[in-house]
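Hello,

Here is the structure I promised to pass on. Have a look at it first, and my notes follow below.

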Amino acid sequence: MKFSANEWRRHFPLLANHPRLHYLDNAATGQLCEAAFDAVTHHELTQRANVLRGTYKLAEAADAAYENARRQAAAYLNAVAPDEVVFTSGTTASINLVAHAFGDGLQSGDEVVLSLAEHHSNLVPWQMLRARRGITLRFIPLTADGRLDLARLGEVITPRSKLVAVTHASNVTGAVTDLAPIAAAARAAGARVLVDGAQAVQHGPVDVQALDADFYAFSGHKAFAPNGVGVLWGRAEALAALPPFLGGGGMIGRVTAESSTWAAPPRRFEAGTPPIAQAVALGAALDWLRQQPWQAMRAHTKHLAQRLLDGLAVLQELTLLGPRDMQDRLPIVAFNLAGIHPHDVCQVLDAHHVAVRGGHHCAQPLMAHFGVEGAVRVSLAPYNTEADVDALLAGLREALKKLK
Amino acid sequence: MNDDLYQQAILDLAKSADGAGRLDAPDGAAQGDSPLCGDRVRMEVKLENGRIAALAHEVKGCLLCRAAAAAIGRHAAGLDAAQVAALRGEVAALLAGADAAPAWPELKCFAPVRPHRNRHGCVLLPFDTLIEALKS
């Protein structure tokens, strides 16, 4: 199936409103797609009501839209059932949910295994759990190019491991994690597996069954949907085994003055009024994305990333962080220009209408692994074009001239 | 235009690196971190009668941060903690859009940073770190 980035970008209203913009910060947030925008508008104009309790037609319509979004998210993830989809406020909330609901059942001596490539959202909640429960954190080390060193899995995943929580793909280097051996090692140790999918879902549908994970977390705003909504997918039996995290309305079975019983998942984990319109929009975005020609789209972003890598290779005094090729890698590229701070590079690029991000990217242990404080990161989406990459490269040449 | 940020005055100030280095046996020292970008500033001072007799700084940061630290390195000798705090207030006011000229002429070069709120912290970090060093 053919794919045209110039046609695809027409589905993203912001890009039409900023025709000179070269938006290359997609790992931070993706632009809102028309399907999500239309879904929000339709929902808020025709079926806005609270969910789960109303007996009037408007509330029933809101219920139906919300549960349809759950089905759409489940389909995108190839989940066994929609009830395996918990709506949260985003990846961070999803991971914190597991860190509390699962983590608070752990005790001193139990181990949670992470990697040194994690975003802070898949590190700090576990450090906080360690402070609460006295667990031990262990870290899968990295290879020189920032990939998880799978040859050393046996050193960190042991019979004491209760959970292995790793990124599906690095938000800094784009390196895609080979999850199969990690899941296998975790299974052998009797540990659960949580995958941080924040960077992966916007690059095509995910098959959580094939990943053999127990939990999968992602955010709507990186998947061309609104912010304020995300998903925690959990294998049905894994979710059923967990107590709730937040208490409140909607998550109970029955409440007396003295005690409560819990609703079944997913509502057990959706205390209070959920982000209804945002979830409806996320469902619409995922449904639209699921129908896109991903093979051609991935070939397109891979081509752009290779063009970027080739252009960077001729710049003097440039250091790449992470893999040097496109093997098992998303179109995310991080680098530094010697002697020039990433923020200064980004500021000069902004003057050229190129939007990229500089800094530690909420991955300071990974920065420490590379021996840097921060980096410039370019992250591509299918609506990007060769013109975007070329504008970036021209801006970098200007930054070198101006700031060196 | 963002390019205005990188006028020659700010580039020269940053590259001067006035005051860069470490002191032997400082009377006060502090380290400041920017949670936004991971920048790190270390300030060390020697004091005489509560005033800065000598100062040195180490900056792992952007041009704006390095320029602010260099301005401090150039002018901070003789100031006490209250004067440093007042100066920090002047810089914050400059970034917020105040017209009043700051005491050190070099600081005017930070005026183009005004519209870039996420960069204000880069300029202020050396001042905040110096204030902490004087407390230590």
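Which helix of chain B do the buried residues of H1(B) pack against? They pack against helix H2 (63–75) of chain B. Helices here are DSSP runs (H or I, at least four residues), numbered from the N terminus.

Before the rest, a word on the source: this is a predicted model, where local features need pLDDT of at least 70, side-chain atom pairs count only at pLDDT 80 or more, and totals for chains, interfaces and linings use all residues. Residues are numbered from 1 along each chain as its sequence is written, and chains are lettered from A and ligands numbered from 1 in the order in which they are written.

Back to H1(B), residues 8–16: B:Ile10, B:Leu13 and B:Ala14 are its buried residues (20 or more other C-beta atoms within 10 Å of their own, C-beta atoms being placed from the backbone; exposed means 12 or fewer, partly exposed in between). They line one face of the helix, because they fall within an arc of 95° seen down its axis (taken from the directions from the helix axis to the C-beta atoms). B:Gln8 and B:Lys15, on the other side of H1(B), are exposed. Just after the helix, B:Ala17 has a positive phi of about 50°.

As for the two chains, 15 residues of chain A are in contact with 15 residues of chain B (C-beta atoms, placed from the backbone, within 7 Å). On the chain A side, H13 (342–351), H14 (364–370) and H15 (386–403) each supply at least two residues, and H13(A) gives the most, with six.

Best wishes
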